[in-house]
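I opened a new structure today and kept short notes.

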Amino acid sequence: MTEATRRTPGTPCWVSLMVHGLDATLEFYNALFGWDFVPGPQQLGPYVRALLDGKEVAGIGRLPPDRHLRIAWTPYLATADADETAESIRGCGGTVAVGPLDAGEAGRLAICSDPAGAVFGVWQAEAHHGTATAGAPGTPVWNELITYETSIGKFYRSVFGYELEPVESVDPADYATLHVEGLPVASVHGVGNAVPRDRGPHWMTYFEVADTDAAAQLVVKLGGHVLRPPRDGTAGRLALVTDAEGAVFTLVRSAGRAAEAQPD
C-alpha cells in the first residue's frame with residue numbers, strides 16, 4: 001500500500017463519516033465509488049478505512065446507538081501538535097468537542113467546530129498520514145466551507161496560518177480560498193441566509209467521479225437523494241447529493257479531467 005506523506009499543517013488530509021448503519025453505508029459507497037474496506041482504529045467505536053486500488057481514501061465509523069448526531073462528512077486538517085491546535089481553537093472562539101485523543105498508533109485527533117458551528121477534525125499524523133491518493137474517480141478532491149460570511153476565514157487563519165485570498169469572479173462574490181505555502185487547499189463560501197437551516201454552516205467534501213450525471217443517477221438507485229441536479233460550474237460538472245443516511249456531499253467531474261477526456 002502506498003503511504004501518504006505527512007501533510008503541511010492546515011492542509012486537509014482525511015475525510016471521515018460517522019453513521020448508524022455501518023454495513024449499509026459500506027455497501028452504498030462500495031457501489032458508488034468502488035471502495036473496499038479494512039479495519040481502522042477502534043477508539044471511537046467500529047471504524048473502517050476505505051481503499052481505492054489498495055490506497056486509503058476515507059474513513060467510515062459507527063455511531064453509538066444513543067448518539068443522535070448529524071450524519072456528515074468531516075474533513076480533518078493536518079497539524080504538527082493536536083493539543084496545541086486545540087488550545088488555539090478554544091482561544092479563537094471555537095469549540096473542541098472530542099479529544100485530543102490518540103487513535104492507536106495512527107495519530108492523535110480532535111473534533112472541533114469553528115465559532116459559526118461548522119465541524120471539522122484535527123489530525124496529528126503518526127503511522128497514518130491520511131488520504132494516500134487523489135484525483136482519480138472515487139477520491140476526495142476538494143473541501144469547501146459553506147458559511148454565513150467569509151469573514152470566518154480569520155478564525156482559520158489565526159489557528160492554522162492560512163493565507164486568505166478573496167475570489168472576485170464567483171457570483172455571489174463572498175468567496176475566498178485558503179492557501180498553505182502559496183497553494184490553494186480549501187475554499188470558504190459565504191452564502192448569508194442561504195445556509196441550510198437543517199445543517200447550518202458546514203464543511204462540504206467533493207468526490208471526483210468519471211460521469212457526474214451517471215453517478216447522480218446511481219446515488220438515487222442506492223437509496224440516496226439528489227439535492228441539486230448535475231450542472232456545469234467553474235470547477236467542472238457538479239451535483240449535490242446525499243447518501244442513504246443523509247450525509248451531504250458533492251459529486252464532481254473536475255474541469256481539468258473533462259478537458260483531458262476530449263479527443264485531440
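I take buried to mean under 20% relative accessible area, exposed over 50%, and partly exposed in between (1.4 Å probe, protein chains only). The model is predicted: local features need pLDDT of at least 70, side-chain atom pairs count only at pLDDT 80 or more, and totals for chains, interfaces and linings use all residues. Residues are numbered from 1 along each chain as its sequence is written, and side-chain values use heavy atoms, without hydrogens and water.

**Strand β1.** I read helices (H or I, at least four residues) and strands (E, at least two) as DSSP runs, numbered from the N terminus. Seven of the eight residues of β1 are buried. I count two strands as paired if DSSP finds at least two bridges between them. β1 pairs with β5 (residues 73-78) in the antiparallel sense, over five bridges. There, Pro 12 has Leu 77 as its bridge partner. With β4, β1 pairs in the parallel sense over four bridges. Met 18 is bridged to Gly 61 of β4.

**Largest core.** A nonpolar core is a set of buried Ala, Val, Leu, Ile, Met, Phe, Trp, Tyr and Cys residues joined through side-chain atoms within 4.5 Å. The largest one has 29 residues; Tyr 29 and Trp 35 are among those touching the most other members. α1 gives the largest share, six residues.

**Helix α3.** Which residues of α3 (residues 153-160) are buried? I found Gly 153, Phe 155, Tyr 156, Val 159 and Phe 160. They lie on the same side of α3, because they cover an arc of only 155° around the axis (taken from the directions from the helix axis to the C-beta atoms). Gly 161 follows α3, with a positive phi near 80°.
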